[in-house]
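Here's a quick tour of a two-chain model, meant to be read with the viewer open. Take a look, then read on.

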Amino acid sequence: MAKVKVATAWLDSCSGCHMSFLDLDEALIGLADKLEFGESPITDIKKFTPCDVGILEGSISNHHDEEVAKDLRANCKILMVFGDCACFGGINNMRNFFTDEEITSRYYSTESTTPGSATPKSKELPALTKVRPVNQVVKVDCYVPGCPPTPKMILYALTELLEGRLPVLPTEIMRFD
Amino acid sequence: MQEITLTINGQSVKGKTGDTVLTICRANGIDVPTLCHLDGLSDVGACRLCVVEILSEKKPIPACNYPARDGLVIKTSTPQLERYRKQVIELLFAERNHFCMFCESSGDCELQKMAYRYQMDNDRFQSLFPKLKVDTLSKYLAIDHNRCILCGRCVRACKEIAALRTLDFSGRGGQTMVAADLNLPLGESSCTLCGSCLQACPTGAIINKASLYKGRSAECTSADTICQGCDIGCEIKVLIKDENLVKIETTDRTSARGALCNIGRFEQLSETRARITSSMIRNAKGKLENCSQDEALTAAAKKLAELGSNCGGLMSPRIPNETIAQFQKLITGTQKSKIIDTLDGKEYRTISAGIRQYANGGTNPEVDPDIEGILKADCILVVGADIDRTNPVIGNLVRRAVSYNQAKLIMVDANQDMLPLWSELWLKPAAGTEKVVINVLANMVISNNKSLAELKPELSRALSLNEADKVTAKTAIAEKDLQTAAKILSQSKNAFIIYGNKPAAQNDADLVTSLLNLTYLLQNGKGERLNIVFLKPGINSQGAWDSGAATKDIKTQQPRGLYLLLSDDIIDKDWLDWVKGIDYLIVQASYISPVVEKADVVLPSRIWDERGGSYVTAGKRSAKSNPVIQRYGLIPDEEILQRVAEKLIAIPSRS
């Protein structure tokens, strides 16, 4: 049987979900027989090529995130999202209670320790949007919430996928924090 | 109450008329999810999670307020019902800020548990992100309206348990908010900080500032003991993590002692005084310094031997019976001193003198009925008691009686009407004339019901000297108000009198006698126990008084040395001034305080949650505390006393 090709990316997130993925430890060795990894933050390849499973971590918080999510969605058969940020918007949601102006001025002026305190303005920088979970931008097939998802939850989801089922986490192992 | 039979999920189950469908389901182990239901509170059907299918009804019906009938056929779990329930949860999540990873209650939250149960792994509905206020100005409580699901449990707890009605809803529909009073910040409202709402809140909307970041309930071990904040002795559950007190909760919110109060729930959690963790002795330079326990005990015993019967013992009313017995053994037995008293001995002597005067040579009457009786009272007379400060749980009971038993509350207090929203009448006697007021009321009660005059003719004669018009001039209370009060008292069938120990009422044994007379008349001379409660300063005041340790005023006996068993209590300025005149002072205490700084020998004492023992609490009810936590490896108070006694006996030169 051909290996299942997986590509991953992180959006607005802390990379904790990827770390939790690595925390699968010895289970990764078993998975390596069935999975092969394509584009990921580790390979640092910016454009996706067609794959079976796409995995996203993080919320959609700016135009760049939207683009990455759409690119991966177009290239994968099944899109799975990891973590509370991708499922619900997560901790980044806090930003939605303030305007972009308030956020940037707080970040670059009020609390900044660098002199000058100007908010950077460049066309190169992606414009901020409201923080949204991934499913408000592209269709998502399955969700693994958690901050971060525990290795147990990730392993359950991947195992279900490899068995040909869309995973829905059982109550006993599901958690949001 | 008639037995009824229902069919739930194809299973035949029994219940009683008057039960709701939910009650019967729960009693029979049939799981129905709920959020707005809380045992001990009324049901309002706010959350719609408990919807069930009832054969005779067209639509799904909330089980929590559907009265069960004989022959109902009910299904509690169908794919449609489960879909509805999941949708309720999804909509609740979308309504406000329900993002768990930055919530203090994550892990303890009932909404979160429901989301897990219904495997809600994404936001089907876009979150609304309303920006609502967070009220953190109250001393111990914070309300984060962003986390509120409007289940109304706090509102009902405030109304039904604390009977305060501080919290209620404001606004309509999607704009509904929980509000304190007329939308005041909680800290400025009528809230008494009993924390009933806190324990009722299923989410992170009401937060305990004294427990913040100390750990989740789910990670704590729990232990039962009793609160030692006042003489009621409420049963509490203490949650502990890493040898830290995290939360104090009630075990049964519906019981008379189940509401808890600011002292029981919060003050004991936020202790800031510095602890005494080692024995201390005054050195040659006159400074207190740490020493081994043996050194301290030896020094104390040596001095005690020197002082002999010239050394008195003074103890806090917070310590349990076992320690009192050990202390008495040391002072009156080993030390052969007759000088022993409690910090609240004065109250005892006033009350017991009043009781003796009332008994007039006969047997003393039974007083202090169980405080639960307040709930059944139809008239409550409060004299000289600042209930909401000293015994807030009794305040709740009084309010509950007024709200739910139509009890009429009469306050007799010179300075303030403690429960102004609840009292029917506030009598404001001139200083020291409380007993005159009570006597004239008693006289009026007799004139309203002449047959009472025959109960105790000599009493009636004595009381008849109190004529209303003369009393008015003396007490500054209008005759009309006295008439109204007497009318309320005369009409009551189950009157309850609460006597406190506010300064104005102190030291007046005659007032105690007058109150006992009035109670006797109100009870028509019937009943074994007089419905009068004497609020006492400490949890074990009654136990200490019963042990005979407070019969004689220590101040009049002028001991040269003093063994002060203070434990975690505090002493007031009067005592401190008196103690300053003592030559040699041994203090067994838990916290650094001015009196400790005066001591020659200091022995460390355990605090309330570290000690076990028995107490006689309000209503002469015996209660037990358990040592639920241990700190600094301190030994129990009675063991220290035992060791002092042993050292003392071993001194050969002892006369």
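How many helices and strands are there in chain A? Chain A has six helices and seven strands, where helices (H or I, at least four residues) and strands (E, at least two) are DSSP runs numbered from the N terminus. Along the sequence they run β-α-α-β-β-β-α-β-α-α-β-β-α. The radius of gyration of chain A, taken over C-alpha atoms, is 17 Å, close to the 16 Å that the globule rule gives for 177 residues, so chain A is as compact as a globular protein of that length. That rule is 2.2 Å times the number of residues to the power 0.38.

A word on the ground rules: this is a predicted model, with local features needing pLDDT of at least 70 and side-chain atom pairs counting only at pLDDT 80 or more, while totals for chains, interfaces and linings use all residues. Residues are numbered from 1 along each chain as its sequence is written, and chains are lettered from A and ligands numbered from 1 in the order in which they are written.

| Property of chain A | Value |
|---|---|
| C-alpha trace along principal axes | about 60 × 35 × 30 Å |
| Buried residues, of 177 | 38% |
| Contacts joining residues at least 24 apart, among those at least 6 apart in sequence | 79% |

Buried means that 20 or more other C-beta atoms lie within 10 Å of a residue's own (exposed is 12 or fewer, partly exposed in between), with C-beta atoms placed from the backbone. Contact means C-beta atoms, placed the same way, within 7 Å.

Now for where the chains meet. The contact uses 22 residues from chain A and 16 from chain B. On the chain B side, six are nonpolar, six polar and four charged; Ala, Val, Leu, Ile, Met, Phe, Trp, Tyr, Cys and Pro count as nonpolar, Asp, Glu, Lys and Arg as charged, and the others, Gly among them, as polar.

Beyond its neighbours within four places in sequence, I380(B) touches residues including V398(B), F496(B) and I498(B).

M280(B) has N290(B) as its bridge partner. Five residues lie between these strands, and G286(B) takes a positive phi near 85° in this hairpin.

Definitions and conventions: Contact = placed C-beta atoms within 7 Å. Pairing = 2+ DSSP bridges.
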